[in-house]
Amino acid sequence: MRRKIPSTQALACFEAAARHESYTRAAEELALTQSAVSRQVGALEAFMGMALFRRTRHGVQLTAAGADYARQIRRQLDAMERDTLDAMARQGTGGALQLAAVPTFATRWLIPRLPGFARLHADVTIHIETRTRPFLFADTPFDAALWAGTPQQAAHWAGTRSTVLMHEDVVPVCSPQLIAPRRQVGAQAVAKLPLLQQSTRPDGWVPWFEAQGVAAPRARSGPRYELFSMLAAAAANGLGVALMPAMLIETELARGELVVACPRPLRGERSYFLVSPAVQDERPALALWRDWLLGQAQAWLQAHPAAPDAAAGARNAKYVS
């Protein structure tokens, strides 16, 4: 059956004209004449049986249908260009993966480990973009996502399968100067220090203090930062104590820029997942990536003992501050 698809030349002209809302500027961008762009758009409108532009005294303006179609076509043309460049780069070998990832996990845990994947699979190219919320894979170019959330949220992500990579065990960290000359302090001492907050988790400190059996009236007070990377930078610069997943501050801990203020980790509600479309036939490149990533996560877990969960910590808190 013949596909009902217009020519790519017509789509390229329409997308450029829609972006500029000008045939003249689209023609300049595409190295065509204004009349050539106009003919291509006219042919596309005839093919679709609908008006994509309104002609005005000052030029052209997208119709509502044209604006909606332009958004869809722009995404598809971008995907075609990306796929073509990937195929040209591979020259028939390997593959490319498009990954969505939460930003701090990608920059601080994943990317430092990617050279190891490249050494094993030099013919597989990894592209990464940031996403923090669930999405429909069918509407995006992504092959998989590295995502942080609760098991319940993962279970409700429609049309996907998910694998837990690691749990988000959090621990209080700060600049060594903040607690000098001591190397570590108790939970009661932490409660008296400036507490750095993550704006997306306003109650982050509450379960930690509850697990220690320590009253902390200022558990929700303190400057707020959106990203874990911002929290890490603020803590390293002596602004206060941050409750951070240890996996995201390996470099700062190794350099001594951050220290564990109180060695009492707590299992948070969230975990890090590898999420992919629920399809039977998985791409070979994605299968290689999945196996490698699970191996990296398992190696990290073996090197870092698990923290107690929040409920168990609150029930069994017998710490002396």
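Me: Helices (DSSP runs of H or I, at least four residues) and strands (DSSP runs of E, at least two) are numbered from the N terminus. Which residue follows α1?

Reply: First, this is a predicted model: local features need pLDDT of at least 70, side-chain atom pairs count only at pLDDT 80 or more, and totals for chains, interfaces and linings use all residues. Residues are numbered from 1 along each chain as its sequence is written, while side-chain values use heavy atoms, with hydrogens and water left out. The residue after α1 has a positive phi, near 50°, and its place is the loop between α1 and α2 (23-30). That residue is Glu-21.

Me: Is Glu-21 buried, partly exposed or exposed?

Reply: Buried means under 20% relative accessible area, exposed means over 50%, and partly exposed lies in between (1.4 Å probe, protein chains only). The relative accessibility of Glu-21 is 34%, so Glu-21 counts as partly exposed.

Me: And Ala-31: buried or exposed?

Reply: Ala-31 sits in the loop between α2 and α3. Like Glu-21, which is not a glycine, Ala-31 has a positive phi, near 60°. Most residues other than glycine have a negative phi. With a relative accessible area of 69%, Ala-31 is exposed.

Me: How far apart are the end C-alpha atoms of α1?

Reply: The expected span of a helix is 1.5 Å times one less than its number of residues. Helix α1 (residues 8-20) has 13 residues, so it should span 18 Å. The model agrees, because the end C-alpha atoms are separated by 18 Å.

Me: Are α1 and α3 parallel or perpendicular to each other?

Reply: Axes are lines fitted to C-alpha atoms, for helices over the stretch in contact, and angles run from 0 to 180 degrees between N-to-C directions. The axes of α1 and α3 (residues 34-48) come within 8 Å and cross at roughly 110°. Angles under 35 degrees count as roughly parallel, over 145 as roughly antiparallel, 65 to 115 as roughly perpendicular and the rest as oblique. The two helices are therefore roughly perpendicular.

Me: Which residues of α3 make the contact with α1?

Reply: Contact means heavy atoms within 4.5 Å. On the α1 side, the residues include Phe-14 and Ala-17, and both of these are buried. On the α3 side, the contact is made by Val-37, Gln-40, Val-41 and Leu-44.

Me: Where is confidence lowest in the protein?

Reply: pLDDT is the predictor's confidence in each residue, from 0 to 100, and its mean over the protein is 88. It stays under 50 over residues 309-321. Where pLDDT is low, the predicted coordinates should not be read in detail. The lowest confidence, at a mean of 38, is in helix α14.
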